[in-house]
Amino acid sequence: GRIAIRAARGDCKAMIGKRDLGYGPWAPVAAAPRGYRLQLACPDGPNPSQMTTVTQGRTAEVRIK
């Protein structure tokens with residue numbers, strides 16, 4: 001499967017677990033089927049996060065506000 005990430009803020013890095021994806025926009029990331037925690041690492045504070053589950057052969061769309 002894959003994870004497609006969209007975020008309202010452009011000044012934050014995206015993280016999947018401990019994997020740093022850098023600054024967006026992000027291309028869909030290949031991922032094994034299971035649950036993942038996605039987090040934005042923002043320079044000024046609140047780091048919003050969201051959980052998603054990847055299903056084999058599908059793309060999980062994640063929108064972080």
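**Exercise 1.** How many helices and how many strands are there in the chain?

*Solution.* A bit of housekeeping comes before the count. This is a predicted model, where local features need pLDDT of at least 70, side-chain atom pairs count only at pLDDT 80 or more, and totals for chains, interfaces and linings use all residues. Residues are numbered from 1 along each chain as its sequence is written, and side-chain values use heavy atoms, with hydrogens and water left out.

Step 1: helices (H or I, at least four residues) and strands (E, at least two) are DSSP runs, numbered from the N terminus. Step 2: the chain has zero helices and seven strands. Step 3: reading along the sequence gives β-β-β-β-β-β-β. With a radius of gyration of 11 Å, close to the 11 Å from the globule rule for 65 residues, the chain is as compact as a globular protein of that length. That radius is taken over C-alpha atoms, and the rule is 2.2 Å times the number of residues to the power 0.38.

**Exercise 2.** Find the residues with the most contacts inside the largest nonpolar core.

*Solution.* Buried means under 20% relative accessible area, exposed over 50%, partly exposed in between (1.4 Å probe, protein chains only). A nonpolar core is a set of buried Ala, Val, Leu, Ile, Met, Phe, Trp, Tyr and Cys residues joined through side-chain atoms within 4.5 Å. Step 2: the largest core has 16 residues, and Ile3, Ile5, Ile16, Tyr36, Leu38, Leu40 and Val54 have the most contacts inside it. Step 3: strands S1 (2–7), S2 (13–16), S5 (35–41) and S7 (59–64) each supply at least two residues of this core.

Step 2: zoom in on Ile16. Contact means heavy atoms within 4.5 Å. Beyond its neighbours within four places in sequence, Ile16 is in contact with residues including Ile3, Ile5, Leu21 and Val29.

**Exercise 3.** Is Val62 buried or exposed, and what does Val62 touch?

*Solution.* Step 1: locate Val62 in strand S7. Step 2: its relative accessible area is 0%, so Val62 is buried. Step 3: skipping neighbours within four places in sequence, its contacts include Ile3, Ile5, Leu38 and Thr52.
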